[in-house]
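User: I'm new to this one, so could you take a close look at the aromatic rings and the charges that sit over them?

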Amino acid sequence: MVRSSQRLHPARTPAAVRPAATVLLLRDGDRGVEVLMTRRSMTASFAPGAYVFPGGGIDAADAQSHGQSTRRPTQSDRHLTQAIAAIRESFEELGVLLARRADGSHLGTAEIAKLDRQTPFAAQCAAHGLTLSGAEVFVLAHWITDRDLPRRFDVPFLVARMPAGQQPVADEAEQFEPLWVRPADALARHAAGDFFIIFPTIRTLERLKAYATVDDVLRACAVNDEPLFTSCPRAGLLNGHESRHMEHEPPFGELALVCPDGQIEHELAWQTERPVPLLRNVQRLTAPNPGFMTGPGTNSYLVGDPASGHIAIDPGPDDAEHIERLWRAAGGDIRAIVCTHSHPDHSPGAARLQALCANAGRAAPPILGLPSAPTSRENSRFTPERALADGERLTLSAPDGTTHTLQVVHTPGHAANHLCLLLEEDGLLFSGDHILNGSTTVIDPPDGHMGDYLDSLDKLDRLCAAHGVDFILPAHGYVLGDLQRTADNPSAPEHGGARAAIAHLKAHRLAREAKVARAMQARPDGTVDDWVKLAYDDVPERLWPVAKRSMLAHVQHIQSLGGFNA
């Protein structure tokens, strides 16, 4: 866990979340699924003027009305309460009533108009012999309002089929202008600037537009009777403008690390001119070498502070301007230079950085790492001044007793001499190229080895479990991970963000290996060129030349396990 003393921003307590429920009323239109949306009052305290789905807070009476509702065998008490709240809100706001008579029929619009939307809901339905249709309301998504907002809700986005013979009639108090719209059309109108919708609505409509019919939506939700996704988004800045992100999106982990309490302070736009502070003791400077293999560029990291001095991780390519910026970001005080491996976008800058420190009158920091193996390519040769031992610790100490300790972890796989570093006091893993954000690393034999790579993932998982690691700082891309599950962060993985990222990566690798094995079985006399078409059919053809390198590593691993031999 990150020390509070190293956080960039003062701790703040996000607003408490309130239970609520909203429902997407659906119908099949001539061009696909349509959803009922309405415009909120311009004086509303939350999202004024936005087009939304009907909904509101959950009342105590909703939980007391289970006996008046139908229920699926798999529907939990919580989900039934939410369904009843959504049924009530649909009636109060839009005059839509998801309830049936004893013969199974719905009330029509004219009959509903005779009911009182202000009278206690369940009692009024009972008086008219109506049974609430809770069993016909399913959970599509679960949203928790972003931590930066002053009013926050814990709200399921439910789905139900619009009853035949009913027309929405807005209450003209909270909701106005009900309209039916296809999800794709709502998104297009929002992009054009004439249909204001908020982030959860946008992301939900994006998911909804994938379904061809209402039955398809309801069947998908009925499979496990749980939300198809859960999210408590985080917000940062992108070129100075607010930018929100869900858990699966690349910037999320970085926002969780830098602004855990929801402060909208962190700039996400990639640039190479200035170091980006991630914590008080961690800075990132991205090298100006963006590309297909490097993403936005190689991330060089500085660990430490002015009182303790710094350790530079992966100085990057031998780019004079980048190396000088890295040196200046450390105030010239660099105590050691560590290269995670020998590839040309990671280690060549080490000598220039060392010389810059020495020429400024300071002791030359040692260049540390592991020597490249004989299997390395010619442009990936590297010999450190001292080889680091697995489990070795590099410690910076400040006069006040503050320490920053990096534990060395040998992780062969991407390269034979690859290592990662664990910042023990703050539970951060510097993963080099072993774990990336936004792509999977290439395993290129003979220096790359898939079996070693998978074993190293298991080793890192054990390390993260032992040290409570929440975040991974890769050599390419944003920070990965999230805080462990708390009452305010119920959507976090139970075992923490770093381990979840590792588990996801390993599952992806093994799923790819299974596809490679099937391709080999389907074309036993085939070549690598034949197999890549089958094993990487979900990857653009222009990427197949690179994919073939990792596929060869998969083939060798399969054969080492006694699998298919051509």
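Analyst: Let's start with a charge: R207 lies over the face of F229, 4.1 Å from the ring centre. A charge counts as sitting over a ring when NZ of Lys or CZ of Arg is within 6 Å of the ring centre and within 35 degrees of the ring normal. Keep in mind that this is a predicted model, where local features need pLDDT of at least 70, side-chain atom pairs count only at pLDDT 80 or more, and totals for chains, interfaces and linings use all residues. Residues are numbered from 1 along each chain as its sequence is written, and side-chain values use heavy atoms, with hydrogens and water left out.

F229 also belongs to an aromatic cluster, together with F53, W143, F157 and F199. Rings of Phe, Tyr and Trp (its six-membered ring) pair if their centres lie within 6.5 Å; planes under 30 degrees apart are stacked, over 60 edge-to-face, and the rest tilted. That rule gives eight aromatic pairs. One of them is W143 with F199: the centres are 6.1 Å apart and the planes are at 85°, so this pair is edge-to-face. W143 is in strand β7 (residues 138–144) and F199 in helix α6 (residues 199–208), 56 residues apart. Helices (H or I, at least four residues) and strands (E, at least two) are DSSP runs, numbered from the N terminus. Both W143 and F199 are buried, where buried means under 20% relative accessible area, exposed over 50%, and partly exposed in between (1.4 Å probe, protein chains only).

W270 and Y478 make a tilted pair, 4.7 Å centre to centre with 35° between the planes. Y478 is buried at 11% relative accessible area, while W270 is partly exposed at 30%.
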